[in-house]
Amino acid sequence: MIFNILTIFPDIFAPVETGVIGRALDSGLIEINKINIRDYADNKHNNTDDYPYGGGDGMLMTVQPVVSAWKSIENPGRTIILSPKGKVFDQEKCNELASLKNITLVCGRYEGMDERITEMIADEELSIGDFVLSGGEIAAMTIIDAVSRLVPGVLGNEKGSSRDSHFDGLLEHPQYTRPEIYEGLEVPSVLLSGNHALIDRYRKKESLVLTWKLRPDMIKRRGLDEQEIKLLSEVFPVDRKLFEEMKR
Ligand SMILES: C[S@@+](CC[C@H](N)C(=O)[O-])C[C@H]1O[C@@H](n2cnc3c(N)ncnc32)[C@H](O)[C@@H]1O
């Protein structure tokens, strides 16, 4: 999978070049191709910004350097503009992007971009949340990290991401590692039992309970199967009717 990044700060991507994603880069499972928009500016001082027509605060990225930089990419694939105005990036979008071979991420700076950039090159605009960052680079890194985890082989263990929060529309159950007791706090005994059927049931139930407590909106969106209704009703008997209405 190839990620092309259009940015005026190509040197700040170290966070996605370390750890598990760093190893995927080393092994060639993914590739990150950083393109410095400034190198494509056709003006004397390589400027990439200018004042907004009609007045207003700050500067905007100009069309020419971004579009020329984009045209230099042999196969841009899906072109995504990072923007607080975009659709909010979530696990569903992440799964969709993980099936692509080429993705181009365009990072804005200053007070944003000339609208014609979006018109000319964007397939879609994505936001990483309802807040405003100073630039699209951190948003691009967020998307690269989350999508790369789903590329076969990146986590080493194919099952790795399938247990993560959001993968199945639920939050992950609590996890424990050694020691068995720390300052009087014990690891739930079922996890030490060696009985994998019991452990799976316990984890599924914890995952459902946690999601229902913290993110009931996720359960309402996702629905519940027969077994999940049973598990949740054991903990929240008064909500059984509600769970049954969510049967899928
Ligand atoms: C200071 S912001 C511009 C905000 C713009 N004036 C607005 O109100 O929509 C500069 C750049 O940061 C990036 N950015 C800011 N917030 C973002 C978010 N929530 N998700 C993705 N990118 C974001 C975009 O690339 C944007 O062009």
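**Ligand site and backbone**

Modeller: Tyr110 lies in the loop between β6 (102-106) and α4 (115-121); helices (H or I, at least four residues) and strands (E, at least two) are DSSP runs, numbered from the N terminus. This is a predicted model, in which local features need pLDDT of at least 70 and side-chain atom pairs count only at pLDDT 80 or more, while totals for chains, interfaces and linings use all residues. Residues are numbered from 1 along each chain as its sequence is written, and side-chain values use heavy atoms, with hydrogens and water left out.

Biologist: What is phi of Tyr110 near?

Modeller: Phi of Tyr110 is near 55°, a positive value in a residue other than glycine. Most residues other than glycine have a negative phi.

Biologist: How exposed is Tyr110?

Modeller: Tyr110 is partly exposed, at a relative accessible area of 30%. Buried means under 20%, exposed over 50%, and partly exposed in between (1.4 Å probe, protein chains only).

Biologist: Which other residue has a positive phi although it is not a glycine?

Modeller: Asn46, with a phi of about 55°. Asn46 is in the loop between β2 (31-36) and β3 (49-50), and is partly exposed with a relative accessible area of 30%.

Biologist: On to the ligand. How many residues surround the ligand, and which are closest?

Modeller: The ligand is surrounded by 19 residues, and the closest are Leu82, Gly108, Glu111, Phe131 and Leu133. A residue counts as near if one of its heavy atoms lies within 4 Å.

Biologist: Which strand gives the most to that shell?

Modeller: β5, with 4 residues. Both β5 (78-88) and β7 (124-127) supply at least two residues each.

Biologist: Which backbone atoms lie by the ligand's nitrogen and oxygen atoms?

Modeller: A backbone N or O atom of Gly108 is 3.0 Å from a ligand oxygen atom. For Glu111, a backbone N or O atom lies 2.9 Å from a nitrogen atom of the ligand. A polar backbone atom of Leu133 is 2.9 Å from a ligand nitrogen atom. A polar contact here is a pair of N or O atoms within 3.5 Å.

Biologist: How much of the ligand does the protein bury?

Modeller: The protein buries 85% of the 590 Å² that the ligand exposes when taken alone. Accessible areas come from the Shrake-Rupley method with a 1.4 Å probe.

Biologist: Back to the backbone. Which peptide bond is cis?

Modeller: The one from Arg178 to Pro179, with omega near 5°. Pro179 is in the loop between α5 (137-148) and β8 (181-182).

Terms used: A polar contact is a pair of N or O atoms within 3.5 Å; within protein, one must be able to donate a hydrogen and the other to accept it, and residues adjacent in sequence count only if both atoms are side-chain atoms.
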